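Me: Hi! I'm new to this one and would like a friendly walk through it. Could you have a look with me?

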Amino acid sequence: MKKGQVFTLDVLIAIVIIIIGIAILFYLYPTKDTNYYNTERMSEDVISVLQETKLSDICVNPGNTTSHGCRCQHYNTVQQLVCDESLINKDADILSFMTELIETRRVPSNMIHDMIKEIFVEKGVIDEKRFGFAIIYTKPTNNLTERGYTYELYNTETP
Amino acid sequence: MNKMNTKKAQIFSMDLVFGIIIFILILLLFLGFFLFGSITKNIKTYDYEMDYLFMNMEKNVGQLNDAMIFIHGSRIDAARLRTFTNAYEDKSIDDFVIGYVGAARGIGLDPAAYDVCLYFTDNDASIISLAPSGIKYLGNVTEGTCNSVINQGKNPCDGYEEAISMFKPVLMDVGNSDINRIVQMNLVVCKK
């Protein structure tokens, strides 16, 4: 191999190494990303909106059957659960309503999952591609006579 | 012959040493640049006041006259939002200075350091009109009103140091259970 070829090869190898180095650096430390999302308060906001929204805010005649005028125009799954004569508290907010469903075991737990998914995910309120979230229901132990339990009502990670 | 080999070896050694030195220099330069950039970025993003934006907005809006208090917790009163929009359509949402709390501003941020756009995203990802005039975005940025800038397809925070996007799920209460729905209230904060 001639001296010129050796130097050329040397330069080429050096350039390749530098390019690989720069590529790794750009990958590890991306340049200025100007979009930041503050998610600290999101969990409180999700619970708050469930707590402050009454069934009667989004449904007409809750606690009646659909043939008796009960409907939830924007929410089909909510309608299936709310338009039921066995509903105890017709004036409940969504959070209390979920508690009623859990405690009375009136519907399978996947219905509550579907309701949360409909309100937040399917309606585009929370973009699951960007933000994962979970809602857990915990019932504490009551005076040693009743054991507490925990339900995972919704979890982005669980299909 | 021996002398020539020594010279060749010296050239190779020199070349190798220079190569290594240049490589290390560039590596240090980039490492320093990116690491420093990354650290300053993290410091910049820790703006604790951002945690209280919606809370401050609600508190400050609550000082306006009753017909304009459009937010209460997670509930937006659509009629009052319309009144508020009509009053502040052409202004920055930082313009509604609250009299008796001194210089506190509508959004709770220093207007010298931040510009803010407020809007609501509907269930089909469209932006909700806030008033019959068709305005969808409230607030001002350097290039004009948020409404005009965003409607032109521009990023409202173009030319700013940072863009911070925040949202809160809220009930859009139009006073009719058939139309009411939970939507996204959005704040885009452009940091100067």
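Me: To start with chain B, what share of the contacts with a separation of 6 or more comes from residues 24 or more positions apart?
Reply: In chain B, 54% of those contacts are between residues 24 or more positions apart. Two residues are in contact if their C-beta atoms, placed from the backbone, lie within 7 Å. Before we go on, this is a predicted model, where local features need pLDDT of at least 70, side-chain atom pairs count only at pLDDT 80 or more, and totals for chains, interfaces and linings use all residues. Residues are numbered from 1 along each chain as its sequence is written, while chains are lettered from A and ligands numbered from 1 in the order in which they are written.

Me: OK, what scores does the model get?
Reply: The ipTM is 0.74 and the pTM is 0.73. There is also pLDDT, the predictor's confidence in each residue, from 0 to 100. Chain A has a mean pLDDT of 85, with 89% of its residues at 70 or more. Chain B averages 81, and 80% of its residues score at least 70.

Me: How many helices and strands does chain B have?
Reply: Chain B has four helices and seven strands. Along the sequence they follow the pattern α-α-β-β-α-β-β-β-α-β-β.

Me: And how many residues of chain B are buried, as a percentage?
Reply: Of its 192 residues, 34% count as buried. A residue is buried if 20 or more other C-beta atoms lie within 10 Å of its own, exposed if 12 or fewer, and partly exposed in between, with C-beta atoms placed from the backbone.

Me: Why is strand S3 of chain B called largely enclosed?
Reply: Seven of the eight residues of S3(B) (residues 114-121) are buried, so the rest of the structure largely encloses this strand.

Me: Which way do S3(B) and S7(B) run, parallel or antiparallel?
Reply: They run antiparallel, joined by eight bridges; two strands pair if DSSP finds at least two bridges between them. B:Leu118 stands opposite B:Leu187 in S7(B).

Me: Which residues have the most contacts inside the largest nonpolar core?
Reply: They are A:Val78, A:Val82, B:Ile76, B:Val116, B:Cys117 and B:Val189, in a core of 66 residues. S7(B) gives the most to this core, with seven residues. A nonpolar core is a set of buried Ala, Val, Leu, Ile, Met, Phe, Trp, Tyr and Cys residues joined through C-beta atoms within 7 Å.

Me: What does A:Val78 touch?
Reply: Leaving aside neighbours within four places in sequence, A:Val78 is in contact with A:Ile58, A:Cys59, A:Cys72, A:Met115 and A:Glu118.

Me: Switching topic, how many residues does each chain bring to the contact between A and B?
Reply: Chain B brings 37 residues and chain A brings 33. On chain B's side, H1(B) gives the most, with 11 residues. That side divides into 17 nonpolar, 12 polar and eight charged residues. Here Ala, Val, Leu, Ile, Met, Phe, Trp, Tyr, Cys and Pro count as nonpolar, Asp, Glu, Lys and Arg as charged, and the others, Gly among them, as polar.

Me: Now chain A. Which residues of helix H5 are buried?
Reply: In H5(A) (residues 94-104), they are A:Ile94, A:Phe97, A:Met98 and A:Leu101. Seen down the axis, they fall within an arc of 100 degrees, so they line one face of the helix. The arc is that of the directions from the helix axis to the C-beta atoms. On the other side of H5(A), A:Glu103 and A:Thr104 are exposed.

Conventions: Helix = DSSP H or I, 4+ residues; strand = E, 2+ residues; numbered from the N terminus.
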